[in-house]
Every structure is written in C-alpha cells, then in structure tokens.
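Dear colleague,

Please find below the structure that I am handing over to you. My notes on what was found in it follow directly after.

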Amino acid sequence: MDTSPADNPTEQVKARLHRVFDSQIPNFASYNLVAGTGIAGSGGLKVIGYRQQPAELVLAPVNSSNLTASEDAITINNTNVNQLALLNDGEYEVATSTGRVFRFSIPSHPSIDLQLDDAVSVAAVIDQEVDAKDFADFMDHFMNTIEGTENFV
C-alpha cells in the first residue's frame, strides 16, 4: 500500500498535526486531540488536546502553510483559566489569567490543505464528528468545574 501524501493526504495531515502536539507535550498520550479553527482574531489552525483528569486543555497553534508548530503550546487548567464560554454551537472562547484569549470552533469535518510541493496542494478532510461531540461534552464539564458546579478532577 502506497502511503505517499499524494495518495493519502488525510492520513498525512493527521500525522503532521499529531507531530505538532506530540513534539511539545511530554505526556501527549493522555490527551484526546481535535483540530480547531481560530475565529475572530484568534485565526489559524490549532491542534487542541484535552483530558478529563486533571481537566485541562492544551492549544497548539499550527502554521497552516507547512503544518508545523507556529508557536509554543499553551496549557489551560484551573491554575490559569480566567474565562471559558460557549459562543455559538461549536465555537468557544478561552481566556487565561495572563490576558491571552483564544476563540475557536471545532468543525466536524475540517478541510486542511496539504502542500505537496511549491505549486501543488490538496485538501484533506478529517472526519472528527465523534471527537467534536466528545470535545463539546468535555467543555461542558470544564466550564462547570470552573463555575464550581462540578468537582475539579
């Protein structure tokens, strides 16, 4: 089976996004991952890791032209979260105590361009419908823990 990017762009994109996250987070295997799209000033692709225990998010911004890290990953948990909000169906705002604000959506089927060479790119569609629902459930839990209506575990 040929696994070149031209033959399997979706798997190549997923592998590159995993590398962006995994290369920055020592315990990367304890996180579920989704691809997020920045909105309203928080533009750009992000790999978002999340876990229930301890409840936390890791936002890893991605350079969309070459699918590498565009800046260091940011961990958000009960020690530095200032605000969590559901803006619209599937759109979130997360603010830290240092003043960073991230607005993003978690599409069920994001389309991400994979640059094969200087002149050719292909669109890869990632099916993360189940993961987007799981992330929405996690964010409900995370927001409730911050508000004090659930125990922070």
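Leu67 is buried, at a relative accessible area of 4%; here buried means under 20% relative accessible area, exposed means over 50%, and partly exposed lies in between (1.4 Å probe, protein chains only). Although Leu67 is not a glycine, its phi is positive, at about 55°. Leu67 sits in the loop between E3 and strand E4 (68-69). Helices (H or I, at least four residues) and strands (E, at least two) are DSSP runs, numbered from the N terminus.

**Basis of the values**

Please note that this is a predicted model, in which local features need pLDDT of at least 70 and side-chain atom pairs count only at pLDDT 80 or more, while totals for chains, interfaces and linings use all residues. Residues are numbered from 1 along each chain as its sequence is written, and side-chain values use heavy atoms, with hydrogens and water left out.

**The chain as a whole**

The protein chain has two helices and 10 strands. Read from the N terminus, its elements follow the order α-β-β-β-β-β-β-β-β-β-β-α. Of the 153 residues in the protein chain, 39% are buried. Among contacts (heavy atoms within 4.5 Å) with a separation of 6 or more, 47% are between residues 24 or more positions apart.

**Aromatic pairs**

Rings of Phe, Tyr and Trp (its six-membered ring) pair if their centres lie within 6.5 Å; planes under 30 degrees apart count as stacked, over 60 as edge-to-face and the rest as tilted. By this rule the model holds eight aromatic pairs. In one of them, the ring centres of Tyr92 and Phe104 are 5.9 Å apart and the planes stand at 40°, so this pair is tilted. Because Tyr92 belongs to strand E7 (residues 91-96) and Phe104 to strand E8 (residues 101-105), the pair ties together parts that are 12 residues apart in sequence. Both residues are buried: the relative accessible area is 4% for Tyr92 and 0% for Phe104.

A further pair is formed by Phe138 and Phe142, whose ring centres are 5.4 Å apart with planes at 25°, so this pair is stacked. Phe138 and Phe142 are four residues apart in helix H2 (residues 129-147), a separation of about one helical turn. Phe138 is buried at 1% relative accessible area, and Phe142 is buried at 0%. Ring pairs join Tyr50, Tyr92, Phe104, Phe135, Phe138 and Phe142 into a cluster.

**The surroundings of Tyr92**

Leaving out residues up to four places away in sequence, Tyr92 touches a set of residues that includes Ala85, Leu87, Phe102, Phe104, Phe135, Met139 and Met143. The C-alpha atoms of Tyr92 and Ser105 are separated by 6.2 Å, although these residues are 13 residues apart along the chain.

**Two polar contacts**

A polar contact is a pair of N or O atoms within 3.5 Å; within protein, one must be able to donate a hydrogen and the other to accept it, and residues adjacent in sequence count only if both atoms are side-chain atoms. In helix H2, the side chain of Thr145 reaches the backbone oxygen of Phe142 at 2.7 Å. Thr145 is buried, with a relative accessible area of 7%.

Asn80 lies in the loop between strand E5 (74-76) and strand E6 (81-88), and counts as buried at 17% relative accessibility. A polar atom of the Asn80 side chain lies 2.9 Å from the backbone nitrogen of Asn77. Neighbours within four places in sequence aside, Asn80 is in contact with Thr75, Ala95, Thr96 and Ser97.

**A cis peptide bond**

Gln53 and Pro54 are joined by a cis peptide bond, with omega at about -15°. Pro54 is in the loop between strand E2 (44-51) and strand E3 (56-63).

With kind regards
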